[in-house]
Amino acid sequence: MTTTPRRTRGIRLALTGALLAGLTLLTTAGPALADDPSASASPTGDEAGPTEAGTTFRTATALKQGQSGTAQASAGDYLYWVFPADAGQRPTVEATVKLPESAARRGTSTWQVDVYDGLRRRQACMYGHQTRKAAADAATVELSCVLRPVRAWSEPWANDPLPGSYYIRLTVVDLPAADLGLPVDVEVKTSIKELGGGHDGGGSLAEPLVPGVSVASAGETGAGPASAAPRTLATGEPEDGWASGWWTDRWLWTAGGGVLAALAAVFGYSLTRGRGRPAHVPPGV
């Protein structure tokens, strides 16, 4: 049985169309999933946030992902909160300071928000207003810090964000001496954006960078002394656990690549197999 030129041309057009459709889907769907704002993992439940802040790393007030916290403090205090962030997430911290009445203040003030990881390494902000100056008549000052994407693993010498606890420190860095101690109202909020498999990397940490996690693990396995009993970590963890999900949109890229490879193989075979035995050549020749 021979294949007519028209049929061969139709097969080639069909394969070409399928190849182009698969390539289009692979190159557009992946980034859309990774950058879709609806993929943000910032729960906004009705649970009220904490109404106080810690004054050191050890006493930092725990926040959940997407939760807001408030506090009443004095100008010059160091205020601390802590929240969890996992691999493939990009945390954002926002802070609003409500200043005293302008009549009670003597001059301008400069406020700053810093974010530290579980090893208490200061993390750089990708963008945002980490430090801002408030005029003498300003009612509020708003600060923000968008961190780099959290990586699953990193070299020991690197300063990359890693899964674990992240500490927020808010304070005033420049203030007239006469304004020290004036009352201020503070609100902080954390939000998390899921970035998808495009930011996945090889390797993983044995444990997230959470204070006390090694003590808790030793107590659970019985490897530590009797006094090292399991205890609840004050800093909490993401709602779905630490890197607990096996699904990643890299599965779509893998499946799409396999489909494209199969289509390319069939298309290449159709180009090289020829049109079969000519009609005028008898069988067996």
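Trainee: Is aspartate 114 buried or exposed?

Mentor: First, the ground rules: this is a predicted model, where local features need pLDDT of at least 70, side-chain atom pairs count only at pLDDT 80 or more, and totals for chains, interfaces and linings use all residues. Residues are numbered from 1 along each chain as its sequence is written, and side-chain values use heavy atoms, with hydrogens and water left out. Buried means under 20% relative accessible area, exposed over 50%, and partly exposed in between (1.4 Å probe, protein chains only). Aspartate 114 has 2% relative accessibility, so the word is buried.

Trainee: Which side chain meets aspartate 114 in a salt bridge at 3.4 Å?

Mentor: A salt bridge is a side-chain nitrogen of Lys or Arg within 4 Å of a carboxyl oxygen of Asp or Glu. The N to O distance here is 3.4 Å, and the partner is arginine 169.

Trainee: How many residues apart in sequence are the parts that this pair ties together?

Mentor: Helices (H or I, at least four residues) and strands (E, at least two) are DSSP runs, numbered from the N terminus. Aspartate 114 lies in strand E5 (residues 109-116), and arginine 169 in strand E9 (residues 164-174). So the pair ties together parts that are 55 residues apart.

Trainee: Which residues are linked with Asp114 in a network of salt bridges?

Mentor: Side chains of opposite charge can pair when their charged atoms come close. Here the network links Asp114 with Arg122 and Arg169.

Trainee: What is the N to O distance between arginine 151 and aspartate 160?

Mentor: Aspartate 160 is buried, at 15% relative accessibility. Arginine 151 is partly exposed, at 39%. Their side chains meet in a salt bridge, N to O, at 2.9 Å.

Trainee: How many residues does the largest nonpolar core have?

Mentor: A nonpolar core is a set of buried Ala, Val, Leu, Ile, Met, Phe, Trp, Tyr and Cys residues joined through side-chain atoms within 4.5 Å. Among those with the most contacts inside the largest one are Trp81, Phe83 and Val97. Its size in residues is 30.

Trainee: Which residues does a second, separate core include?

Mentor: This core has six residues. They include Phe57, Ala60, Tyr116 and Tyr167.
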